Amino acid sequence: AMSLTALMTAALLGQSAFSLGMETPAADRMHDVAYQELSQGRSEAALRKLESSSAVEAGDPAALINLGSAYASAGRTDKAIAAYRAAIATQDRYSLELADGSWVDSRLAARTALKNLLTSTARASR
């Protein structure tokens, strides 16, 4: 089984990174989801890579979650919300392995990220 590595920002799931376990071993799905840029806090570089990514266009949940994380880090909340909602709506679902070894469905990860973003946005605007 092949795996992708993707990143969920620590603020979103309390994890620094997760490894994305692919349900289907498709070599063409092994694309760059800007893990390195996000893990180094380079949200603008991650955005440049992800905004032109075929993975985002194809509705890949890992790419969309990372796009949301990059937008959130860059302070572009509306675009982050849209990316997380797209990840929730996608037909593809993966099991994501979190840094602590636990597993979570990609839709649940996207929902959690969205909920946490909305909560922190509401808190900031008070």
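**Close-up views of a predicted model**

Three salt bridges turn up when the whole structure is searched. The model is predicted.

**View 1. Salt bridge between K49 and E37.** The side chains of K49 and E37 meet with an N to O distance of 2.6 Å. K49 lies in helix 3 and E37 in helix 2, 12 residues apart, and the pair links distant parts of the chain. K49 is partly exposed, at 30% relative accessibility. E37 has 9% relative accessibility and therefore counts as buried.

**View 2. Salt bridge between R76 and E51.** Here the N to O distance is 3.8 Å. R76 sits in the loop between helix 5 and helix 6, while E51 belongs to helix 3, 25 residues apart. R76 is partly exposed, with a relative accessible area of 32%, and E51 is partly exposed at 44%.

**View 3. Salt bridge between R93 and D105.** The two side chains meet at 3.1 Å, N to O. R93 is in the loop between helix 6 and strand 3, and D105 is in strand 4. The relative accessible area is 42% for R93 and 25% for D105.

**View 4. Buried residues of helix 3.** In helix 3 (residues 43-51), S43, A45, A46, L47 and L50 are buried. Their cover includes helix 2, helix 4 and helix 5.

**View 5. The largest nonpolar core.** This core has 27 residues, and L50, V56, A63, I65, L67 and Y84 are those with the most contacts inside it. Helices 3, 4, 5, 6 and 7 each supply at least two of its residues. Helix 5 gives the largest share, seven residues. Beyond its neighbours within four places in sequence, A63 is in contact with V33, L50, A55 and V56.

Technical notes. Residues numbered from 1 in each chain as written. Predicted model: local features only at pLDDT ≥ 70, side-chain atom pairs only at ≥ 80, totals over all residues. Heavy atoms only, no water. Buried < 20%, exposed > 50% of the residue type's maximum accessible area, 1.4 Å probe, protein only. Helix = DSSP H or I, 4+ residues; strand = E, 2+ residues; numbered from the N terminus. Contact = heavy atoms within 4.5 Å. Core = buried A, V, L, I, M, F, W, Y, C linked by side-chain atoms within 4.5 Å. Salt bridge = Lys/Arg side-chain N within 4 Å of Asp/Glu carboxyl O.
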